[in-house]
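Please open the structure in your viewer and keep the selection panel at hand.

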Amino acid sequence: MVMHGTDRKSVLLKVYRDTNMDKDFSILSKNRDAFILVDLEGKIEYASHACEPLLGYSRDTLHQIALNKLFVLDFLTQEQTFFKGREQEKLDNFDAQVQVIDGSILDVNVTSIPIFFEQDYLGAYLVIKDITSIKQKRLTMEREKEYHTLINNLSRLSEKQATAGQLAAGIAHEIRNPITAIKGFLQLLMGENTGNRIYFEIINSEIDRIEEILKELMVLAKPTKQKYERVNLHSLLEQVITLMASQALLNNIQIETQFDFTNTWIIGDNNQLKQVFINYIKNAIEAMPEGGILGINASPLVGDQVRVSITDQGSGIPEDILNQIGQPFFTTKENGTGLGLLVSRQIIKEHKGDLLIESSRNGTTIHVEFPLSSEQ
């Protein structure tokens with residue numbers, strides 16, 4: 001009888017198994033080392049005694065199955081005869097996952113040792129080691145690294161904010177005095193001249209804009225004394241929307257609201273909270289130069305929190321820019337100062353709130369969360 005190549009190799013592997021395994025001659029310890037012997041088709045030809053406590057299967061059961069019944073399929077080739085991206089005929093070491101008898105997944109490290117007879121590759125030893133604790137340590141170390149990276153980034157951001165505050169104080173002080181003088185003389189001229197008043201109004205409005213920037217700078221440099229009180233969030237949002245409705249209408253933007261409460265209270269400074277929502281709604285309007293729908297949704301959350309979400313239909317914020325939003329003096333606007341969002345973030349933080357920004361090509365959503373007042 002003539003044997004084909006695969007059949008011949010299968011017989012040779014069985015001879016190897018009977019010679020080296022069943023006669024207590026092996027390079028590995030049957031009782032201490034969990035290992036299996038697999039053939040070219042991925043069938044398990046032998047399993048050591050140490051496999052039973054590790055995997056939960058009896059040795060007899062293991063001898064009747066193949067790799068695809070033991071290892072998670074994501075780690076195997078399409079033919080399920082060996083491991084994806086691994087060369088069978090070379091010594092190798094890699095991580096994988098097995099499904100133990102109770103259905104749970106076990107993280108393991110596999111050492112693959114090829115078996116040859118003369119020039120023919122017959123199969124491989126697969127030495128299996130439980131690395132659950134090692135992987136947990138790796139994960140802990142990675143999380144600690146991420147934590148330290150975050151702390152370093154926050155530290156650098158705090159330094160930038162401190163620098164921004166110092167710059168803001170100096171700039172505001174140097175500009176405020178001449179602006180006050182200019183505005184005073186402008187009012188005198190407006191009273192004495194009866195010419196085209198539109199020029200005076202334009203100058204006056206631009207001075208007002210400078211004063212608004214100075215206010216933002218002063219909040220950044222030295223936050224104003226806050227007046228904390230119980231604030232009805234529904235009423236506050238309605239006031240802000242009324243204030244911003246005309247600007248939205250001028251830009252062909254429809255404001256749609258959905259409030260899942262009518263009598264929800266938070267603790268905070270009423271004016272500062274208005275400033276936060278005005279800034280975000282103003283940015284949402286500016287993000288839609290062609291018009292669109294601006295959504296404002298508000299709802300209570302579990303854990304005595306409330307969330308307000310402001311959604312625009314703009315083109316979104318690129319990911320590389322998203323991470324820089326709110327940093328001192330960073331802006332994508334041609335005439336922006338980069339201070340509005342920074343001040344808003346600072347106000348939210350001082351109110352023990354949280355800020356989350358989500359963005360895609362279909363638009364941007366800003367989520368602002370605040371703790372509820374203990375007295376509702």
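**The whole chain**

The model is a predicted one, in which local features need pLDDT of at least 70 and side-chain atom pairs count only at pLDDT 80 or more, whereas totals for chains, interfaces and linings use all residues. Residues are numbered from 1 along each chain as its sequence is written, and side-chain values use heavy atoms, with hydrogens and water left out.

Colour the chain by secondary structure to display ten helices and twelve strands; these are DSSP runs numbered from the N terminus (helices: H or I, at least four residues; strands: E, at least two). Among contacts with a separation of 6 or more, 60% join residues 24 or more positions apart; a contact means heavy atoms within 4.5 Å.

**The nonpolar cores**

Select Leu233, Phe277, Ile281, Leu294 and Phe370, which have the most contacts inside the largest nonpolar core, a set of 33 residues. Such a core consists of buried Ala, Val, Leu, Ile, Met, Phe, Trp, Tyr and Cys residues joined through side-chain atoms within 4.5 Å. Elements giving two or more residues to this core include helix 7 (233-250), helix 8 (270-286), strand 9 (292-301) and strand 12 (363-371).

Which residues does Phe277 touch, leaving aside those up to four places away in sequence? They are Leu233, Leu236, Leu237, Val240, Val308, Ile310, Val368 and Phe370. For the second, separate core, move to Ala47, Ala96, Val110 and Ile128, which are among its 28 residues.

**Helix 7 against helix 8**

Two packed helices are described by the angle between their axes and the distance between the axes. Display helix 7 and helix 8 together: they pack at about 40°, with axes 10 Å apart. Here the axes are lines fitted to C-alpha atoms, for helices over the stretch in contact, and angles run from 0 to 180 degrees between N-to-C directions. The two helices are therefore oblique to each other, given that under 35 degrees counts as roughly parallel, over 145 as roughly antiparallel, 65 to 115 as roughly perpendicular and the rest as oblique. To inspect the contact, show side chains including Leu236, Val240 and Leu243 of helix 7 and Leu273, Phe277 and Ile281 of helix 8.

Go to Leu214, within helix 6 (residues 197-221). Leu214 is buried at a relative accessible area of 4%. Beyond residues up to four places away in sequence, Leu214 touches Ala172, Ile175 and Arg176. A C-alpha distance drawn from Leu214 to Ile171 reads 8.2 Å, across 43 residues of sequence.

Select Gln80 in the loop between helix 4 (67-70) and strand 3 (92-99). Its phi is near 60°, a positive value in a residue other than glycine, and Gln80 is partly exposed at 26% relative accessibility.

Asp304, in the loop between strand 9 and strand 10, likewise has a positive phi, near 55°. Asp304 counts as exposed, at 57% relative accessibility.

Finish at Arg32, in the loop between helix 1 (5-20) and strand 1 (35-39). Arg32 is exposed at 72% relative accessibility, and its C-alpha atom is separated by 8.7 Å from that of Ser48, 16 residues apart along the chain.

Terms used. Buried < 20%, exposed > 50% of the residue type's maximum accessible area, 1.4 Å probe, protein only.
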